Amino acid sequence: LVVPLVLSQCSPSEQISDPEMIESCLQAFDSFLLRCPREVVTFEADIAKTTLYYLKYDPNYADDDDEEMDDALVDDDEMDDDDDGGDYSDDDDVSWKVRRAAAKVLSAIIVSRPDRLP
């Protein structure tokens with residue numbers, strides 16, 4: 001079956017940095033679930049786990065909890081200098097496509113297996 005190959009291509013443990021590849025894998029899962037749900041049922045848990053991971057996918061999110069600053073000690077001038085100065089643009093961000101594809105896969109799981117809902 002093709003599903004294990006697709007799962008291996010978008011496995012969260014592989015740290016894949018190509019959002020187009022991840023989106024394509026998720027679109028494949030969507031098609032598999034909608035067109036042949038009985039054949040894919042054995043992989044449903046793995047697909048759901050992978051999909052939930054990518055539903056939260058945001059490679060640009062930086063967790064700044066380690067860099068907490070005391071507001072009383074920080075000057076207003078220093079706060080204005082928070083610009084990263086990087087070449088990153090929101091126009092280059094396609095991670096929303098991955099999250100959208102993940103949401104569609106979860107929808108396909110629900111539509112294809114309504115009997116499994118509580």
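Contact means heavy atoms within 4.5 Å. Helices (H or I, at least four residues) are DSSP runs, numbered from the N terminus.

## Basis of the report

This is a predicted model, in which local features need pLDDT of at least 70 and side-chain atom pairs count only at pLDDT 80 or more, while totals for chains, interfaces and linings use all residues. Residues are numbered from 1 along each chain as its sequence is written, and side-chain values use heavy atoms, with hydrogens and water left out.

## Helix α6

Helix α6 comprises 18 residues and spans 26 Å from its first C-alpha to its last, close to the 26 Å expected at 1.5 Å a residue; the expected span is 1.5 Å times one less than the number of residues. Buried means under 20% relative accessible area, exposed over 50%, and partly exposed in between (1.4 Å probe, protein chains only). In α6, the buried residues are S95, V98, A101, A102, V105, A108, I109 and S112. Viewed down the axis of α6, these residues fall within an arc of 130°, and therefore line one face of the helix; the arc is that of the directions from the helix axis to the C-beta atoms. The cover over the buried residues of α6 includes α2, α3 (37-40) and α4.

## Nonpolar core

A nonpolar core is a set of buried Ala, Val, Leu, Ile, Met, Phe, Trp, Tyr and Cys residues joined through side-chain atoms within 4.5 Å. The largest one has 21 residues, and V3, L26, F29, L33, I47, Y54 and V105 have the most contacts inside it. At least two residues of this core come from each of α1 (3-9), α2 (19-35), α4 (44-55) and α6 (95-112).

Leaving aside residues up to four places away in sequence, F29 touches V3, V6, L7, C10, I47 and V105.

## Aromatic cluster

Rings of Phe, Tyr and Trp (its six-membered ring) pair if their centres lie within 6.5 Å; planes under 30 degrees apart count as stacked, over 60 as edge-to-face and the rest as tilted. The structure holds two aromatic pairs. Y53 and Y54 pair edge-to-face, at 5.0 Å centre to centre with 80° between the planes. The ring centres of Y54 and Y57 are 5.7 Å apart and their planes lie at 65°, so this pair is also edge-to-face.

Y53, Y54 and Y57 form one aromatic cluster. Y53 is partly exposed at 38% relative accessibility, whereas Y54 and Y57 are both buried.

## Cysteines

The whole structure contains zero disulfides (pairs of cysteine sulfur atoms within 2.5 Å). For C10, the nearest cysteine sulfur is that of C25, 4.2 Å away. C10 is buried, with a relative accessible area of 0%; C36 is partly exposed, at 24%.
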